[in-house]
Amino acid sequence: MKKVPNPIDRHVGSRVRMRRMLAGISQEKLGEALSLTFQQIQKYEKGANRISASRLQQIAKKLEVPVSFFFDGAPNGDATPDGGFADSSSTAYISDFLATSEGVQLTKAFVRIKSGRVRRRIVDLVEALAEEDDQKA
């Protein structure tokens, strides 16, 4: 029987990944800074291995964020009998997207655009493309 990662561990790991990618740091470089292998960083980011409190504090320091950053938007509530959360976050897909390389690239490029009008037009374009894609499906 395959062990399923705890939703909180997965969330914290995805936030580590998102912040690491936003900072432009490779798994290898973060691992070196923490005296870990990049494979261990991968396991943390996937939630396969739980990050200890002391290690999370080290990671937060290296990534220049408070420890609380990793828990922002985390699922809360009591676990239901099937192992899920009764009150799942409706914004989890946003964190999941931001943890991808495309999400990081898009976010970095988007925030560099100074004009609010241009940003609004980009949002309108993306919404139109998504609506068109939904109609094809």
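This is a predicted model: local features need pLDDT of at least 70, side-chain atom pairs count only at pLDDT 80 or more; totals for chains, interfaces and linings use all residues.
Biologist: Why is H1 called oblique to H6?

Modeller: The axes of H1 (residues 7–22) and H6 (residues 101–112) come within 10 Å and cross at roughly 45°. Axes are lines fitted to C-alpha atoms, for helices over the stretch in contact, and angles run from 0 to 180 degrees between N-to-C directions. Under 35 degrees is roughly parallel, over 145 roughly antiparallel, 65 to 115 roughly perpendicular, and the rest oblique. The angle given above therefore makes H1 oblique to H6.

Biologist: Which residues meet there?

Modeller: On the H1 side, Arg17, Met18, Met21 and Leu22; on the H6 side, Ser101, Val104 and Lys108. By class that is 4 nonpolar, 1 polar and 2 charged. The classes are Ala, Val, Leu, Ile, Met, Phe, Trp, Tyr, Cys and Pro as nonpolar, Asp, Glu, Lys and Arg as charged, and the others, Gly among them, as polar. Contact means heavy atoms within 4.5 Å.

Biologist: What about H1 and H4: roughly parallel or oblique?

Modeller: Their axes come within 10 Å and cross at roughly 20°, so the two helices are roughly parallel to each other. H1 passes H4 in a left-handed crossing. Val12, Val16, Arg19 and Arg20 of H1 meet Leu56, Ile59 and Leu63 of H4, a contact with 5 nonpolar, no polar and 2 charged residues.

Biologist: And what makes H1 oblique to H3?

Modeller: They pack at about 125° with axes 5 Å apart, and that angle makes H1 oblique to H3. Asp9, Arg10, Gly13, Ser14, Val16, Arg17 and Arg20 of H1 sit against Tyr44, Glu45 and Lys46 of H3. The classes come out as 2 nonpolar, 2 polar and 6 charged.

Biologist: How do you know that Tyr44 is buried?

Modeller: Buried means under 20% relative accessible area, exposed over 50%, and partly exposed in between, using a 1.4 Å probe and protein chains only. Tyr44 has 8%, so it is buried. Beyond four places in sequence, Tyr44 touches Asp9, Gly13, Leu36, Asn49, Arg50, Ile51, Arg55 and Ile59. Of the protein's 137 residues, 26% count as buried.

Biologist: What makes a set of residues a nonpolar core?

Modeller: They must be buried Ala, Val, Leu, Ile, Met, Phe, Trp, Tyr and Cys residues joined through side-chain atoms within 4.5 Å. The largest such core has 16 residues, and Val16, Ile51, Ile59, Leu63 and Phe70 have the most contacts inside it. H1, H3 (38–46) and H4 (53–63) each give two or more residues to this core, and H4 gives the most, with 4. Val16 touches Leu30, Glu45, Ile51, Ile59, Leu63 and Phe70, leaving out residues up to four places away.

Biologist: Why are Ser35 and Glu64 called exposed?

Modeller: Ser35 has 68% relative accessibility, so it counts as exposed; Glu64, at 66%, is exposed too. Ser35 lies in the loop between H2 (27–33) and H3, with phi near 60°, a positive value in a residue other than glycine. Glu64 lies in the loop between H4 and strand E1 (76–79), and its phi is near 55°, again positive in a non-glycine residue.

Methods: Residues are numbered from 1 along each chain as its sequence is written. Side-chain values use heavy atoms; hydrogens and water are left out. A crossing is left-handed if the near helix is turned anticlockwise from the far one by less than a right angle, and right-handed if clockwise.
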